[in-house]
Amino acid sequence: MLKPAILLLEILSGVLGFYLAKMPHICFVWHIKALAWILYALDKRRYNDAYANLEFVYQQTLSHEEKHAIIRRCYENFAFVLLESIRVVYLNPQTYAKRFVFIDEHHITESIGKDGGAVLVSAHFGYWEAMATILPPRYRMCQMASLGRLTQFESINHMIIKRRESNGVRMIDKKGAFKHLLKMYAQKNALVGILVDQNISLHEGIEVEFFGKRATHTTIASVLSRRFGVNIVPVFINPNKDYSRYEVRFYEPIRANNSHNMSQDILEATQAQAHITQRVIESSPSSWFWFHKRFKVFYPDIYQKKYP
């Protein structure tokens, strides 16, 4: 039996999701903008962290107005992901699927056909949550999982897990995840999605170069690629301006070497993931989730400053 807090959240999210799913799209966009405005007005900490990242990466190559515009769009993207994740279970699956266009999908289909599985890597970019909604129906030949970090709130965790697993995607908590991943890939036909753009401690990952700066990066995808001989396939999902269409673009696979120098093999494959992530962000800066303290391990001082 569900606990009262979980049951209440289920009811509230269900009512809100149904309401959002039945309204005209233009009204949904108004809700996105309204929520984004509220978040922008109340959440100054995230604004400061985002500005710190933009200042650190772009310095004077972007004006204050351009940085501010990127952050405002980030709030809109964040609001969109939140509201769309609540309503997606109430959308018509066929109508929902027609909103997506797939580009260079052969990178993933050929990888699965050749190796019997792959590792999908992405970032908090655009409509990242669609990895767990639009991809599973296309790759039913694989056992799919999503690697993520659960919150400290049981009720929210319950909703996250239920939403993702309703589409046939197993949710794996990053804490203690590796043993589950090893078991999955040992059985073949595994396809796990990993977001690789968050700041982590050095004991959880390794140092890479990102936007010409030092940063940490998870090695999970590289280790799986090297150990099981599968490709790492980058995929990024970007919405158009009014969130009515979404581009799913796959990139050339990365494959970890399996030489006598394991550390070098892992470093090269992990650096390649950082490079493609940077390239994608540079193509559409306002689509990335600049709110993470991406450079905190090596440059903690940049997040102590106050920005306009």
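This report describes the fold, the aromatic contacts and selected residues of a predicted model.

Local features are reported only where pLDDT is at least 70, and side-chain atom pairs only at pLDDT 80 or more, whereas totals for chains, interfaces and linings use all residues. Residues are numbered from 1 along each chain as its sequence is written, and side-chain values use heavy atoms, with hydrogens and water left out.

**Overall form**

Of the 308 residues, 54% are buried. Buried means under 20% relative accessible area, exposed over 50%, and partly exposed in between (1.4 Å probe, protein chains only). The chain exposes about 15,000 Å², of which carbon and sulfur atoms supply 57%; areas come from the Shrake-Rupley method with a 1.4 Å probe, and for residues only the protein chains shown count as cover. Contact means heavy atoms within 4.5 Å. Among contacts between residues at least 6 apart in sequence, 76% join residues at least 24 apart.

**Aromatic rings and charges**

Rings of Phe, Tyr and Trp (its six-membered ring) pair if their centres lie within 6.5 Å; planes under 30 degrees apart count as stacked, over 60 as edge-to-face and the rest as tilted. By this rule the count comes to 30 aromatic pairs. One of them joins Y96 and F100 edge-to-face, at 5.1 Å centre to centre with 70° between the planes. Both Y96 and F100 are buried. Ring pairs also link Y40, Y47, Y51, Y75, F78, W128, F289, F291 and Y307 into a cluster.

A charge sits over a ring if NZ of Lys or CZ of Arg is within 6 Å of the ring centre and within 35 degrees of the ring normal. Two such placements are listed here.

| Charged residue | Ring | Distance from ring centre |
|---|---|---|
| R138 | F102 | 3.6 Å |
| K213 | F56 | 4.6 Å |

**Selected residues**

I103 is in strand β1 (residues 100–103). I103 and E247 are 144 residues apart in sequence, yet their C-alpha atoms are 7.4 Å apart. Leaving out residues up to four places away in sequence, I103 touches E247, V248, R249 and F250.

D265 lies in helix α10 (residues 262–283) and is buried at 3% relative accessibility. Beyond four places in sequence, D265 touches R226, A256, N257, N258 and S259.

Most residues other than glycine have a negative phi. Q59 has a positive phi of about 50° although it is not a glycine. This residue, Q59, is in the loop between α3 (44–58) and α4 (64–87) and is partly exposed, with a relative accessible area of 42%. N189 also has a positive phi, near 55°. N189 is found in the loop between α8 (178–186) and β5 (190–195), and counts as partly exposed at 36% relative accessibility.

The whole structure has zero disulfides, a disulfide being a pair of cysteine sulfur atoms within 2.5 Å. C27 is partly exposed at 22% relative accessibility, whereas C142 is buried at 10%.

Technical notes: Helix = DSSP H or I, 4+ residues; strand = E, 2+ residues; numbered from the N terminus.
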